[in-house]
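Here's a short walk through a model, one region at a time. Have the sequence and the 3D view open as you read.

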Amino acid sequence: MATDKRQFTLRIQNDTYEKIRCLARIEHRSIAMEIETAMIAYISDYEKKHGQIQLPEIFAAESSSPQ
């Protein structure tokens with residue numbers, strides 16, 4: 001299955017991983033989708049408090065180019 005999602009390595013403490021794994025199971029999501037959902041919620045909360053995050057043009061250009 002093709003995806004436009006960027007891949008990266010994430011290093012977290014074992015207990016944090018296990019808690020995310022439990023949440024993912026409760027929510028019927030993969031661990032990766034649970035982490036992505038949490039990140040989206042964090043960004044949304046941040047932007048509600050501080051305004052929309054403006055990405056520099058260089059970041060926008062990098063995200064549109066194939067890897």
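## An exposed histidine

His28 counts as exposed because its relative accessibility is 75%; the scale here calls a residue buried under 20% relative accessible area, exposed over 50% and partly exposed in between (1.4 Å probe, protein chains only). You'll find His28 in the loop between H1 and helix H2 (31–50). Its phi is positive, about 60°, although His28 is not a glycine.

Before going on, some ground rules. This is a predicted model, where local features need pLDDT of at least 70 and side-chain atom pairs count only at pLDDT 80 or more, while totals for chains, interfaces and linings use all residues. Residues are numbered from 1 along each chain as its sequence is written, and side-chain values use heavy atoms, with hydrogens and water left out.

## Overall layout and confidence

The protein chain has three helices and zero strands, giving the pattern α-α-α along the sequence. Helices (H or I, at least four residues) and strands (E, at least two) are DSSP runs, numbered from the N terminus. Of the chain's 67 residues, 6% count as buried. Its accessible surface is about 6,500 Å², with 56% of that belonging to carbon and sulfur atoms; areas come from the Shrake-Rupley method with a 1.4 Å probe, and for residues only the protein chains shown count as cover.

Confidence is highest in H1, at a mean of 98, and lowest in H3, at 67. Where pLDDT is low, the predicted coordinates should not be read in detail.

H1 covers residues 14–27, so to speak a 14-residue helix, and it reaches 20 Å from first C-alpha to last, close to the 20 Å expected at 1.5 Å a residue. That expected span is 1.5 Å times one less than the number of residues. His28, with its positive phi, follows H1.

Leu10 sits in the segment before H1 and is partly exposed, at 45% relative accessible area. Together with Phe8, Ile12, Tyr17 and Met39, Leu10 forms a nonpolar surface patch with about 470 Å² of accessible area. Patches take residues with over 30% relative accessible area and no salt bridge, joining like charges within 9 Å and nonpolar side chains (Val, Leu, Ile, Met, Phe, Trp, Tyr) within 5 Å. A salt bridge is a side-chain nitrogen of Lys or Arg within 4 Å of a carboxyl oxygen of Asp or Glu.

Leaving aside neighbours within four places in sequence, Glu34 is in contact (heavy atoms within 4.5 Å) with Ile20, Leu23, Ala24, Glu27 and Arg29. Glu34 and Ala24 are ten residues apart in sequence, with 5.4 Å between their C-alpha atoms.

Ile53 lies in the loop between H2 and helix H3 (57–64) and is partly exposed, at 38%. Not counting residues up to four places away, Ile53 touches Ile43, Tyr46 and Glu47. The C-alpha atoms of Ile53 and Ile43 are 8.6 Å apart.

Technical notes
pLDDT is the predictor's confidence in each residue, from 0 to 100.
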